[in-house]
Structure formats: structure tokens, C-alpha cells
Amino acid sequence: MDTINISKEVITAFETGSVEAAPITLIAIIIGAIFVNNVVLSQFLGICPFLGVSSKVETSLGMGMAVTFVMALSAVVTWCLQNYILVPFGIEYMQTIVFILVIAALVQMVEIVLKKVSPSLYQALGIFLPLITTNCAVLGVAILMVQKEFGLLTGVVYSVSTALGFALALVLFAGIRERLDVEDVPQALKGVPIALITASLLAMAFMGFANVVPLP
């Protein structure tokens with residue numbers, strides 16, 4: 001009975017737009033974004049870095065942290081731009097271009113910081129670090145946050161949770177791939193084939209979280 005009541009409260013909060021007022025709704029958003037509606041394994045966004053940077057756990061963790069930082073900041077900046085500039089001036093059609101420019105600037109900041117603080121991680125991420133600019137997961141989350149009409153707090157929670165879900169999928173996948181490197185994999189399946197099979201099995205495993213909470 002308690003579970004049913006909680007679910008009804010979450011659904012009502014989303015339908016009425018009062019998502020800022022209910023702490024249980026924030027918990028539902030966090031669980032939903034990380035597990036139930038994982039940006040990589042359920043929405044299939046950000047597949048390029050998911051397959052390209054997941055050869056080592058350390059590199060995957062670094063990419064996950066970079067994406068989390070970019071998503072968190074972009075959520076704040078894009079929300080403010082959408083509500084205080086694009087909507088008031090009636091130029092919502094500029095949304096995609098403006099959001100890409102914001103994300104590109106943030107990625108450039110991350111690139112500069114990593115180059116100074118951790119040159120080894122900067123070299124390991126390679127071309128995939130600037131590719132965060134065109135990562136459909138980052139841009140998709142910024143646009144979805146606006147489309148769902150989230151407030152600033154809820155939008156930031158949603159963006160960070162989605163980024164953590166991305167990082168979790170990346171690290172889990174990297175750990176499995178590291179283990180597969182020392183296993184006796186058939187020659188025909190080595191490389192990309194076994195990686196795709198592993199990714200599909202991982203996605204199926206995450207389907208077990210379906211209906212735990214209503215999807216945000």
C-alpha cells in the first residue's frame with residue numbers, strides 16, 4: 001500500500017508540475033535516471049564514447065567524471081538561457097545552437113583543466129574528450145530538461161543523475177571488457193563483436209529495473 005501511495009504521489013507531482021516540492025520525486029528522478037531509464041543502456045544516447053573509451057576502468061571513470069561535470073554546469077547555464085533569454089525574446093528556435101555553444105565552452109574548460117591537472121588522463125581520453133561537445137547524451141539531456149519543464153533544482157538533479165548513470169554504465173562495461181581480455185574468447189568474436197554482445201546483455205540486465213519508479 002505504501003509503495004502504491006508513493007507511486008501515485010510521484011505521478012501526480014509530474015502531472016501537476018509540482019516536482020520541486022516533493023523530496024520523494026527527486027529520489028524517483030535519481031533512481032529513474034541512473035537505473036530505470038539509463039541514458040546509454042535504455043535511451044541509447046552517447047554510444048560513441050561508451051564503446052570507444054570503455055577499454056579501461058580508469059579511463060572510463062575519468063570520462064564519466066568529465067561528462068558529469070559538463071552535464072551539471074550545462075544544466076544550470078542552459079536552463080537560465082532558456083528561461084531568461086530564449087523564451088522572453090521569442091527565439092526558442094535557437095535552442096539547439098545555443099546549447100551546443102554552451103556545451104562546447106564547458107568542454108573546452110574541462111579540457112584545459114585536465115591537461116594541467118592530469119596529463120595522463122588527458123592523453124588517455126584523446127579525441128573523445130572534445131567529442132563531448134557533440135555527445136548526443138549531453139545535448140539530449142539539456143533539451144529533455146527543458147521539454148519536461150523541470151525547475152532549476154529538479155533539472156540539475158536530473159542532469160547529474162543521468163551523468164552518473166552514464167558513468168556507471170561506462171565503468172561496468174569497462175570492467176567486463178578488461179576481464180574479457182584475459183579470457184579465451186573465440187577469434188571470430190574478439191574486439192567489436194564481443195563488445196556489442198556484452199553491451200546488449202548489460203542493457204538487458206538494466207531492464208530488470210523497469211517499473212521500479214515512474215520514468216522521469
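Colleague: Where is glutamate 149 found?

Modeller: Please keep in mind that this is a predicted model. Glutamate 149 sits in the loop between α7 (136–147) and α8 (152–181). Its phi is positive, about 60°, although the residue is not a glycine.

Colleague: Is glutamate 149 buried or exposed?

Modeller: A residue is called exposed when its relative accessible area is over 50%, and buried when that area is under 20%. Glutamate 149 has a relative accessible area of 68%, so it is exposed.

Colleague: Which residue other than glycine has a positive phi near 60°?

Modeller: Phenylalanine 44 is such a residue. Phenylalanine 44 belongs to the loop between α2 (23–36) and α3. With a relative accessible area of 56%, phenylalanine 44 counts as exposed.

Colleague: Which residues make the nonpolar surface patch of about 450 Å²?

Modeller: For a patch, one takes residues with over 30% relative accessible area and no salt bridge, and joins nonpolar side chains within 5 Å. Here Phe44, Ile47, Leu51, Val192 and Leu196 together form a nonpolar patch of about 450 Å². Two or more of these residues come from each of the elements α3 (47–52) and α9 (192–206).

Colleague: Why does valine 192 count as exposed?

Modeller: The relative accessibility of valine 192 is 58%, and therefore the residue is classed as exposed. Valine 192 is placed in helix α9, whereas Phe44, also a member of the patch, lies in a loop.

Note on methods. Residues numbered from 1 in each chain as written. Predicted model: local features only at pLDDT ≥ 70, side-chain atom pairs only at ≥ 80, totals over all residues. Heavy atoms only, no water. Patch = residues over 30% accessible without salt bridge, like charges linked within 9 Å, V, L, I, M, F, W, Y side chains within 5 Å. Areas by Shrake-Rupley, 256 points an atom, 1.4 Å probe, with all protein chains shown as cover. Salt bridge = Lys/Arg side-chain N within 4 Å of Asp/Glu carboxyl O. Helix = DSSP H or I, 4+ residues; strand = E, 2+ residues; numbered from the N terminus. Buried < 20%, exposed > 50% of the residue type's maximum accessible area, 1.4 Å probe, protein only.
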